[in-house]
Amino acid sequence: MSKKSVIFICTGNSARSQLAEALFRHMAGDQFDVFSAGTAPEPVDPRVFEVLNSRHMSTEHLRSKDLASLSERYFDYAITLCDKARQSCVTQVKAAQILAWDFADPKAKAGTKAFDVVLNELSERIKYFLLFSQKYRAKPEQLGDALSFYKALADDTRLKTLLLIQQQQELCVCELTAALTETQPKISRHLAQLRKAAILQDRRHGQWVFYRLADNLPDWALTVLQLTAENNNDLIADNLSKLNQMGDRPQRAALCN
């Protein structure tokens, strides 16, 4: 089975994305080809090497790269690590899914403690990412036709649900209920329709059922969702704000119990 590919993007490609590249390769280099790049690259901060070496992680491939130099390469996942990069990378990277992870820039503080903190936070996020990307139920049937796809998008709740899931990679009913300010039965009903239409697939982890875009969703359908998100930022801005108020996944789980 061929490896999937992931690229981490931040503005300078000098700290956060370098830490993410090294850590992800350390955790799952046998499953993914891992890259990082910057929209305005700067020299790698020496503290990156110091922190990674202290944890016995390889720094062999780390160097600052311009995202434009990778404009012809196609990635399975592009993950932005700062809001500025998220805004500018959408037209510079070719990826099946673009995810937004936001971490504070450790370079703003003296010493290496902030770098250690970011590395720990990245470790937790990558663990969840790997868990979600590997443990899914059997793939649903292929999306039948364009008409059923556009019928699914014709409802406000379903459209926002799809855009939120595309942006967050994966969400459960509780998270969608909070983000969309809708009842759980209504959210569950819409999720069932999207799953029946083969637009979403789900997996169970403990007591939770998580939903993501179907792995075999046609490229044209993925492109429609991506272009819709890119050109309608305000459509789910308030919903994302409500979701972010729940904290990261461990905090969200506690709120949903």
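User: At what angle do helix α6 and helix α9 pack, and what is that arrangement called?

Analyst: In this predicted model, local features need pLDDT of at least 70, side-chain atom pairs count only at pLDDT 80 or more, and totals for chains, interfaces and linings use all residues. Residues are numbered from 1 along each chain as its sequence is written, and side-chain values use heavy atoms, with hydrogens and water left out. Helix α6 (residues 156–168) and helix α9 (residues 219–230), both DSSP runs of H or I with at least four residues, have axes 10 Å apart and an angle of about 90°, where axes are lines fitted to C-alpha atoms over the stretch in contact and angles run from 0 to 180 degrees between N-to-C directions. Because angles of 65 to 115 degrees count as such, α6 and α9 are roughly perpendicular.

User: Which residues of α6 make the contact with α9?

Analyst: Contact means heavy atoms within 4.5 Å. On the α9 side, the contact involves Leu-222, Leu-225, Gln-226, Thr-228 and Ala-229. From α6 come Leu-162, Leu-163 and Gln-166.

User: What is the strand order in the open sheet of four strands?

Analyst: Strands are DSSP runs of E with at least two residues, and two of them pair if DSSP finds at least two bridges between them. The edge strands, each pairing on one side only, are β2 (32–38) and β4 (94–100). With parallel pairing, the order is β2-β1-β3-β4.

User: Which residue of β2 is the bridge partner of Ile-9?

Analyst: Strand β1 covers residues 4–10 and pairs with β2 in the parallel sense over seven bridges. The partner of Ile-9 in β2 is Ala-37.

Terms used
Parallel < 35°, antiparallel > 145°, perpendicular 65-115°, else oblique.
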